[in-house]
Amino acid sequence: MHLMVSPRIGASSTIPTLTLTVIFMLTLSNGNGFATLPTELDRTQRCQLERTYKMIGYNCANLNLKEIPQTLKSSLEILDLSFNRIRDLYAHSFARYSSIKYLYLFENMVQNLEENTFSSLTNLEAIELSHNALITIPPELFQLPVLRNLYVSHNALLNLEQDLLKIEKPIKAPLQVLGLADCRLQRLPDFGVLPDLWQLNISSNPMKELTLGQFSPMCNLKSVELNNTQIPICACQVLTAELVLRRTKIMYPPLYCIPLTSSEQNICNAEAGREVDADQVANFHQCMEIRHSRQLDTEAKSTWMKISAAVAGCIVLFAIVLFCLHRRNARKLKAKRKPKKVPLKNNHRVIMVPPAGGAEEAPASSTSTTTAKCDKLLSDCD
């Protein structure tokens with residue numbers, strides 16, 4: 001390593017300083033020869049408060065975190081902890097963050113989860129756990145009341161099938177999107193009836209057994225991604241054909257899933273037909289009944305809303321009519337109570353008031369004469 005020092009005053013004192021700096025950097029370097037400057041090590045890295053879609057969120061991505069920070073606002077709704085070094089999660093990790101709706105934990109080293117780690121997240125709608133070291137899906141996630149999106153791709157879920165036998169079914173989580181790509185699955189896990197699920201990703205799995213019956217509990221399935229999924233040829237062709245008949249879109253199927261000739265397809269259909277058992281058919285009917293009952297509930301709520309709106313409109317209209325009638329009657333009563341002005345006709349007589357002190361002393365003849373003159377004047381005016 002060559003050090004270029006420009007000739008200047010005090011250059012001889014600079015060389016030892018640079019040598020010590022290089023030695024310190026090399027001491028801090030790892031096995032790949034990467035050296036980190038001391039300023040980067042000492043720099044404090046904090047989660048950034050952000051607002052997204054009027055929601056409070058924290059961006060804690062790529063901060064070299066090893067545990068969940070506990071100094072954030074408890075009212076946060078979005079928490080991004082991706083690209084960190086979190087390995088262990090405990091029951092108290094998210095205890096004070098019950099308002100979280102979107103949680104991102106992909107690209108960590110999550111391996112050990114304490115029981116009920118996610119139980120306090122009753123408002124959680126989506127969680128991203130891809131690219132970790134999980135061997136199963138935490139069972140409390142299936143009991144969250146509003147969890148719609150669950151991503152656990154690129155985990156070796158070797159214990160998932162066994163753990164699913166212990167959970168209560170049907171699950172409470174209304175799952176709509178489920179990502180299970182590259183999870184080393186040999187068959188589709190039995191989650192029970194999933195009437196809300198419409199998107200499923202099972203790409204890059206060595207599926208030794210995949211039949212139409214395994215999709216029976218997913219009666220609302222709209223999209224299935226099969227990219228690089230290893231499926232037996234006959235099973236894959238029958239599966240894709242039947243799912244298309246159910247109006248399910250197959251995303252990136254293997255090339256050998258192209259339909260065969262009619263004779264070969266009939267053989268595959270006969271072979272696949274024997275694999276459907278009564279329980280799987282019952283799951284499909286149960287799923288359809290749940291969707292039908294929800295549809296009826298939705299229609300009933302809509303009808304009641306319309307009836308309520310109509311009744312409310314009638315009440316408002318009736319109140320407006322009563323108010324108008326009241327105003328009209330009030331005007332009539334006011335008009336009746338107001339006295340009428342009677343115009344004076346031919347009332348031109350002038351009454352002479354006698355003086356205060358001389359009424360008794362004035363002679364009667366002068367009074368009558370004055371009155372007569374006034375009457376004559378008035379008659380002339382008429």
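Predicted model: local features only at pLDDT ≥ 70, side-chain atom pairs only at ≥ 80, totals over all residues.

**Surface and burial.** Then I checked burial: 31% of the 382 residues count as buried.

**Overall make-up.** I went through the secondary structure and have seven helices and twelve strands on my page. Next came the contacts with a separation of 6 or more: 49% of these are between residues 24 or more positions apart.

**Core.** Which residues touch the most other members of the largest nonpolar core? I noted F94, L103, L180 and F215, in a core of 62 residues. The elements giving two or more residues to this core are β2 (55-59), α3 (160-164) and α4 (233-245). Of these, α4 supplies the largest share, with three residues.

**F215 up close.** I picked F215 from that group and listed its neighbours, leaving out residues up to four places away in sequence. F215 touches L188, L200, I202, L210 and L221, and also V224, L239, L243 and R246.

I turned to the UniProt record, an unreviewed entry, which lists residues 304-325 as "transmembrane region". How much of this span is helix, and how much strand? In the model I get 100% helix and 0% strand, and the end C-alpha atoms of the span lie 31 Å apart.

Note on methods:
Residues numbered from 1 in each chain as written. Heavy atoms only, no water. Core = buried A, V, L, I, M, F, W, Y, C linked by side-chain atoms within 4.5 Å. Buried < 20%, exposed > 50% of the residue type's maximum accessible area, 1.4 Å probe, protein only. Helix = DSSP H or I, 4+ residues; strand = E, 2+ residues; numbered from the N terminus. Contact = heavy atoms within 4.5 Å. UniProt positions renumbered as here; feature names shortened; annotations may be inferred.
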